[in-house]
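Subject: Structure handover

Hi,

Here is the structure I said I would pass on.

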Amino acid sequence: METYKLGEIETKFAKLIWAHAPIASGELVKLCERELCWKKSTTYTMLRRLVQRGIFENNDSVVTTKISQAEFAAMQSKEFVEEAFDGSLPAFLAAFTSDAKLTQQEIDEIRRIIERKK
């Protein structure tokens, strides 16, 4: 199974791309210089890494997303539940809510999600 985990810096970089895509690679370099204090070579090295992992594309100097931020978060969540709770969503929910009281609004939203997935 493909692993969709990013380190802290990779995540910051990915969020910049998701927020601005599609973006010309030259503009991405300027954005990363301004936001992350990166040099051009650092931006292209990081971009190449995330392109190889199948998260983004860089065609004709335009960076686009292959996986949306929401899709990526869903994949990470599934991997977490699989690794930490042997794939058991009920076990995850039990652990997640063990020390917190859910509001009625949260309970209703969880019920709506479950009903839509039946």
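Below are my notes on the helices, the sheet and the core.

First, the ground rules: this is a predicted model, in which local features need pLDDT of at least 70 and side-chain atom pairs count only at pLDDT 80 or more, while totals for chains, interfaces and linings use all residues. Residues are numbered from 1 along each chain as its sequence is written, and side-chain values use heavy atoms, with hydrogens and water left out.

Let's start with the sheet. Helices and strands here are DSSP runs (helices are H or I with at least four residues, strands are E with at least two), numbered from the N terminus. Three strands make an open sheet in the order E1-E3-E2, with antiparallel pairing; strands count as paired if DSSP finds at least two bridges between them. E1 and E2 are the edge strands, each pairing on one side only. Between E2 and E3 there are four bridges, and these two strands form a hairpin with two residues between them. Asp60, in that turn, has a positive phi of about 50 degrees. E1 and E3 are joined by two bridges. Val63 in E3 stands opposite Ile23 and is also the bridge partner of Asn58.

Next, the helices around it. H1 lies across E1, E2 and E3, at about 65 degrees to E2. H3 packs on the sheet too, touching E2 and E3, and its direction makes about 115 degrees with that of E2. For these angles, axes are lines fitted to C-alpha atoms (for helices, over the stretch in contact), and values run from 0 to 180 degrees between N-to-C directions.

After H2 comes Cys37, whose phi is positive, near 60 degrees.

What does Ser25 touch? Leaving aside neighbours within four places in sequence, Ser25 is in contact (heavy atoms within 4.5 Å) with Tyr44, Asn58, Ser61 and Val63. Its relative accessible area is 6%.

Finally, the core. A nonpolar core is a set of buried Ala, Val, Leu, Ile, Met, Phe, Trp, Tyr and Cys residues joined through side-chain atoms within 4.5 Å. The largest one has 19 residues, of which Phe13, Ile17, Leu28, Leu50, Ile55, Phe56 and Val63 touch the most other members. H1, H2 and H3 each supply at least two residues of this core, and the largest share, five residues, comes from H1.

Ile17 sits in H1 (residues 8–20) and is buried, with a relative accessible area of 0%. Beyond four places in sequence, Ile17 touches Leu28, Leu47, Phe56 and Val63. Leu28, counted in the same way, touches Phe13, Ile17, Ile23, Thr43, Leu47 and Val63.

Cheers

Definitions and conventions. Buried < 20%, exposed > 50% of the residue type's maximum accessible area, 1.4 Å probe, protein only.
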